[in-house]
Amino acid sequence: MSKYDLVFANPLMNAAGTLGFAPASHDAQALSGLGAFVTDPLSLGMRTPAHGPHCLPYPGGFLLHTGYPNPGLNTALRRHAARWARASQPVIVHLLVQKVEDLSWMLPRLERLEGLGGLEVGLPPEVDASAAVAFTRAAAGELPVIVRLPFEQAVQLAPAVVDAGAAAVSLSPPRGTLLVANKSGSPHLVEGRLYGPSVYPLALAAVRAITARGLPVIGAGGIYTVEQARAMLASGALAVQLDGIIWKEGLQIWNCWKSMLA
Amino acid sequence: MHAYQARIGELRLDPAGQVQARLDCPPAALPAPGQYLLAYDPQDASAALATPLFAAELLADGFWAAAPLPPAWQPGLVLALRGPLGKGFALPGDVRRLALAALGGSAARLLPLAQQALRQDLSVALFTAAALPRLPSSIEINPLGMLPEALAWADFLAVDLSVEQVESLAGVLGLQGGLPPACPGQALVSAAMPCGGSGGCGACAIPVRRGWKLACQDGPVFDLRAWW
């Protein structure tokens with residue numbers, strides 16, 4: 001097996017930012033249906049929660065504006081590396097990067113850990129093609145790399161990123177803006193990530209556009225039924241990542257969906 | 001995490017005109033005061049998330065769920081439940097005088113704790129500006145402005161507030177100079193909890209004295225010492 005090969009126990013995994021930083025030991029039975037565990041996004045330094053409302057529902061879904069709070073890579077490693085080594089499924093560490101140089105600090109700390117099946121590098125929303133390639137090349141090392149592309153540019157950036165060495169690409173949630181009232185009642189805009197059933201048609205179209213180019217993609221976005229997951233896999237996706245449906249129906253879906261997709 | 005089914009037996013309006021639902025469910029599903037359940041309609045594919053349910057009144061074979069609730073929920077509907085989840089209120093054994101403070105538009109989520117306290121023959125005083133249902137006459141009702149004086153009387157303070165109100169809590173309690181309340185207490189903090197206790201989304205992050213905590217996992221009831 002090439003060191004760049006991604007290995008999943010089955011084609012189901014969670015999306016970054018859905019199940020925390022490590023599989024909970026008390027959930028081992030429920031999580032046994034996961035093909036891989038993707039950690040919450042980890043940045044080099046600590047990130048604090050975003051100000052303002054964090055979860056805004058709208059018809060067909062909800063917007064999250066959280067700031068991706070996390071303790072920073074070093075603290076996360078102290079707290080969770082042992083659980084990653086003990087996990088019964090491959091752990092994919094999601095890295096939240098703003099600068100290419102961040103990866104030169106993060107990679108050496110991660111590559112010597114046990115239990116990791118790969119890295120998922122989450123690119124900034126406004127990244128251009130040359131920066132996407134630079135991030136991908138900087139992430140190259142001992143672990144296979146999934147590059148999570150901004151949804152709006154995924155089809156455009158995927159070829160260059162795969163050519164630069166990514167084992168696969170995945171899709172970030174699309175971004176959107178909602179109008180809310182602040183404390184004084186005056187309206188203001190909140191920008192964030194979009195989730196929910198309404199995202200699925202866009203996500204399936206993006207997956208199909210990427211696989212049509214012969215590129216490896218992990219599908220994600222608004223998958224709420226087994227049939228929807230099956231359709232993405234049938235479109236050529238290597239695997240699918242689930243988000244809102246985990247929160248709605250709970251961890252019991254893993255073993256249920258795994259048996260239905262087998 | 002345990003899963004159950006519950007049937008909506010009845011709807012009623014609370015004093016603020018918001019809908020509450022009576023859920024008939026197994027005793028093991030009943031949330032303790034301050035805990036929550038996650039509920040969704042398995043037949044509704046359009047719903048993106050489960051709804052967190054807090055008890056407004058505990059019954060022998062179910063509970064009245066406090067607002068807000070999905071408008072589509074009607075009597076007869078069978079819901080899927082997960083939980084009970086989170087840390088609820090825990091009254092120390094030596095408490096004799098309990099002060100309850102509802103800082104938002106409803107005191108509903110504190111009423112199960114009042115029920116429990118009355119069964120234990122505690123003295124209960126409720127401080128709120130919210131409209132109230134008919135309550136036992138033994139519960140003393142006071143305006144929020146009298147809360148600072150009550151801290152000298154109470155053995156324990158239980159607060160219900162939103163995450164946006166956390167930064168103004170010291171002012172509401174009449175505390176200055178960073179001094180903590182005179183009595184111990186806990187606070188039930190309302191925050192969006194879309195990930196249902198997995199701790200994955202970070203949406204329920206509550207600012208505390210050092211950093212932040214997650215309402216879905218570390219709460220939603222927090223010791224007041226988290227802020228002092």
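**View 1. Arg7(B) and Asp24(B) face each other across two strands of a predicted model.** Arg7(B) lies opposite Asp24(B), a residue of strand E2(B). Strand E1 (residues 3-13) and strand E2 (residues 19-24) of chain B run antiparallel and are joined by 6 bridges. Strands are DSSP runs of E with at least two residues, numbered from the N terminus, and two of them pair if DSSP finds at least two bridges between them. Local features need pLDDT of at least 70, side-chain atom pairs count only at pLDDT 80 or more, and totals for chains, interfaces and linings use all residues. Residues are numbered from 1 along each chain as its sequence is written, and side-chain values use heavy atoms, without hydrogens and water.

**View 2. An open sheet of 7 strands in chain B.** The order is E4-E3-E7-E1-E2-E6-E5, with antiparallel pairing. Strands E4 (51-53) and E5 (55-59) of chain B are at the edges with a single partner strand each, so one side of each has no neighbour in the sheet.

**View 3. Glu120(A) in strand E6 (residues 116-122) of chain A.**

**View 4. The contact between chain B and chain A.** Chain B gives 22 residues and chain A 28 residues, with contact meaning heavy atoms within 4.5 Å. The count of salt bridges between the two chains is 0.

How values were computed: Chains are lettered from A and ligands numbered from 1 in the order in which they are written. Helices (H or I, at least four residues) and strands (E, at least two) are DSSP runs, numbered from the N terminus. A salt bridge is a side-chain nitrogen of Lys or Arg within 4 Å of a carboxyl oxygen of Asp or Glu.
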